Structure formats: structure tokens, C-alpha cells
Amino acid sequence: MIFRTAVEHAKRHPGLIPQFFFICLGIGGASLYLFRLAKGPHVTWNKTNNPEPWNKLDPTYQYKLVAISTDYKNLKKDGPEF
């Protein structure tokens with residue numbers, strides 16, 4: 001129903017076609033980014049099988065996007081193994 005209305009408007013006003021294209025592109029990109037965030041190693045969806053997923057991460061796992069002063073390759077784990 002909404003798609004049909006958008007197509008009718010695009011037929012009457014061809015200048016709306018790029019706007020519809022970029023709106024769909026933005027919605028698609030945002031959806032893919034949210035899906036990527038939801039599948040990360042620090043997200044728990046099933047608490048019975050893996051209640052603390054952050055304990056299984058490698059000590060060299062880089063949590064930040066940019067770390068200028070930290071060398072993650074030579075980082076040692078400070079805590080005990082669980």
C-alpha cells in the first residue's frame with residue numbers, strides 16, 4: 001500500500017525518484033549496521049549456553065576502534081582463567 005503510493009507519486013513527480021532511492025539506501029545501511037552490532041562477540045542472545053561471552057574473548061581483542069598508545073599484540077591477560 002505504501003509502496004504503491006510512492007510509485008504513483010514518483011510517476012507524477014520524477015524528481016522524487018532520487019529522494020526515494022537515497023531514503024531506501026539509508027534505511028538499508030542502518031539496518032545492516034544494526035545487524036552487525038547485534039552479532040558482535042560481546043552480545044548475549046542465549047544466556048543458558050553462554051552467560052558471559054566476554055570471558056571467551058582473546059586478551060588481544062581490540063574493543064576500541066582506534067587505540068593510539070596501546071599495543072594489543074603484546075597485551076597480557078591479567079585475570080584468572082574461568
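Is Phe22 buried or exposed, and what is its relative accessible area? Phe22 is exposed, with a relative accessible area of 54%, where exposed stands for over 50%, buried for under 20% and partly exposed for the range in between (1.4 Å probe, protein chains only). The model is predicted, and local features need pLDDT of at least 70, side-chain atom pairs count only at pLDDT 80 or more, whereas totals for chains, interfaces and linings use all residues. Residues are numbered from 1 along each chain as its sequence is written, and side-chain values use heavy atoms, with hydrogens and water left out.

The protein holds two helices and zero strands, both being DSSP runs numbered from the N terminus (helices H or I, at least four residues; strands E, at least two). Of its 82 residues, 6% are buried, and the accessible surface comes to about 7,800 Å², with 64% of that belonging to carbon and sulfur atoms; such areas come from the Shrake-Rupley method with a 1.4 Å probe, and for residues only the protein chains shown count as cover.

Phe22 lies in helix H2, which spans 16–38. An unreviewed UniProt entry annotates residues 16–35 as "transmembrane region", although such annotations may be inferred rather than shown by experiment.

Together with Phe21 and Leu25, Phe22 forms a nonpolar surface patch that has about 350 Å² of accessible area. Patches are made of residues with over 30% relative accessible area and no salt bridge, nonpolar side chains (Val, Leu, Ile, Met, Phe, Trp, Tyr) being joined within 5 Å and like charges within 9 Å; a salt bridge is a side-chain nitrogen of Lys or Arg within 4 Å of a carboxyl oxygen of Asp or Glu.

A search of the whole structure finds one aromatic pair. The ring centres of Phe21 and Phe22 are 5.2 Å apart and the planes stand at 75°, so the pair is edge-to-face, given that rings of Phe, Tyr and Trp (its six-membered ring) pair if their centres lie within 6.5 Å, with planes under 30 degrees apart counted as stacked, over 60 as edge-to-face and the rest as tilted.

Asn74 is placed in the segment after helix H2 and is exposed, at 57% relative accessible area.
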